[in-house]
Amino acid sequence: KHSLPEEAHSSWAYIKLKPNGTFHEMRIYDKDHYLVKEIAYHPEPNISGNNQERVLHVHEYSRNFKRTDARQISKSEYELYKKYFKGVSEQ
């Protein structure tokens, strides 16, 4: 129900699930506990072209919390984190 933190104090990543247990988003932090990457699974019109289709995508963050536009997840990122993507369609 809450958003994930911009800084981590006890983990290198946090994962948010939907109420039914499927993956919603994951935030990854650097060694200094700053947010560096967010992987999410929800509609992203810039990638899918519509507001209905959920798509796995990535935003990168700078130290001042500015985030990049969404991009599709790479094959290597997908392979690295796929064990966390419960309920996500194959990419």
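**Entry 1: a loop arginine and its partner**

I began with arginine 63, which counts as partly exposed because its relative accessibility is 46%; buried means under 20% relative accessible area, exposed over 50%, and partly exposed in between, with a 1.4 Å probe and protein chains only. A note on the source: this is a predicted model, in which local features need pLDDT of at least 70 and side-chain atom pairs count only at pLDDT 80 or more, while totals for chains, interfaces and linings use all residues. Residues are numbered from 1 along each chain as its sequence is written, and side-chain values use heavy atoms, with hydrogens and water left out.

Which residue forms a salt bridge with arginine 63? I found aspartate 32, with the closest N and O atoms 2.9 Å apart; a salt bridge is a side-chain nitrogen of Lys or Arg within 4 Å of a carboxyl oxygen of Asp or Glu. Strands (E, at least two residues) and helices (H or I, at least four) are DSSP runs numbered from the N terminus. Aspartate 32 is partly exposed, its relative accessible area being 36%. I also noted a network of salt bridges that links Asp30, Lys31, Asp32 and Arg63. Over the structure I have nine salt bridges on my list.

**Entry 2: the sheet**

Next I traced the strands. They make an open sheet of five, in the order S1-S2-S3-S4-S5, with antiparallel pairing; two strands pair if DSSP finds at least two bridges between them. The edge strands are S1 (13–17) and S5, each pairing on one side only.

I then went through the pairings:

- S2 and S3 pair antiparallel over five bridges, and methionine 26 has isoleucine 39 in S3 as its bridge partner.
- S3 and S4 pair antiparallel over seven bridges, and lysine 37 stands opposite glutamate 60 in S4.
- S4 and S5 pair antiparallel over two bridges, and valine 58 stands opposite arginine 71 in S5.

I marked S4 as mostly covered, since five of its seven residues are buried.

**Entry 3: glutamate 38**

Is glutamate 38 buried or exposed? Glutamate 38 counts as buried because its relative accessibility is 4%. I placed glutamate 38 in strand S3 (residues 35–43).

Its side chain meets that of arginine 27 in a salt bridge (2.8 Å, N to O). Glutamate 38 lies in strand S3 and arginine 27 in strand S2, so the pair ties together parts that are eleven residues apart in sequence. Both glutamate 38 and arginine 27 are buried.

I looked up another salt bridge of glutamate 38, with arginine 67, where the closest N and O atoms are 3.5 Å apart. That pair links strand S3 to the loop between S4 and S5, where arginine 67 sits, 29 residues apart. Arginine 67 is partly exposed, with a relative accessible area of 48%.

The glutamate 38 side chain also makes a polar contact with the side chain of tyrosine 61 (3.4 Å). A polar contact is a pair of N or O atoms within 3.5 Å; within protein, one must be able to donate a hydrogen and the other to accept it, and residues adjacent in sequence count only if both atoms are side-chain atoms.

**Entry 4: rings**

How many aromatic pairs does a search of the whole structure find? I wrote down five; rings of Phe, Tyr and Trp (its six-membered ring) pair if their centres lie within 6.5 Å, with planes under 30 degrees apart counted as stacked, over 60 as edge-to-face and the rest as tilted. One of them, phenylalanine 23 with phenylalanine 85, is edge-to-face, at 4.9 Å centre to centre and 65° between the planes. Phenylalanine 23 is in strand S2 and phenylalanine 85 in the segment after helix H2 (75–81), 62 residues apart. Both of these phenylalanines are buried. Tyrosine 78 and phenylalanine 85 form a tilted pair, 5.7 Å centre to centre with 35° between the planes. Tyrosine 78 counts as buried, at 8% relative accessibility.
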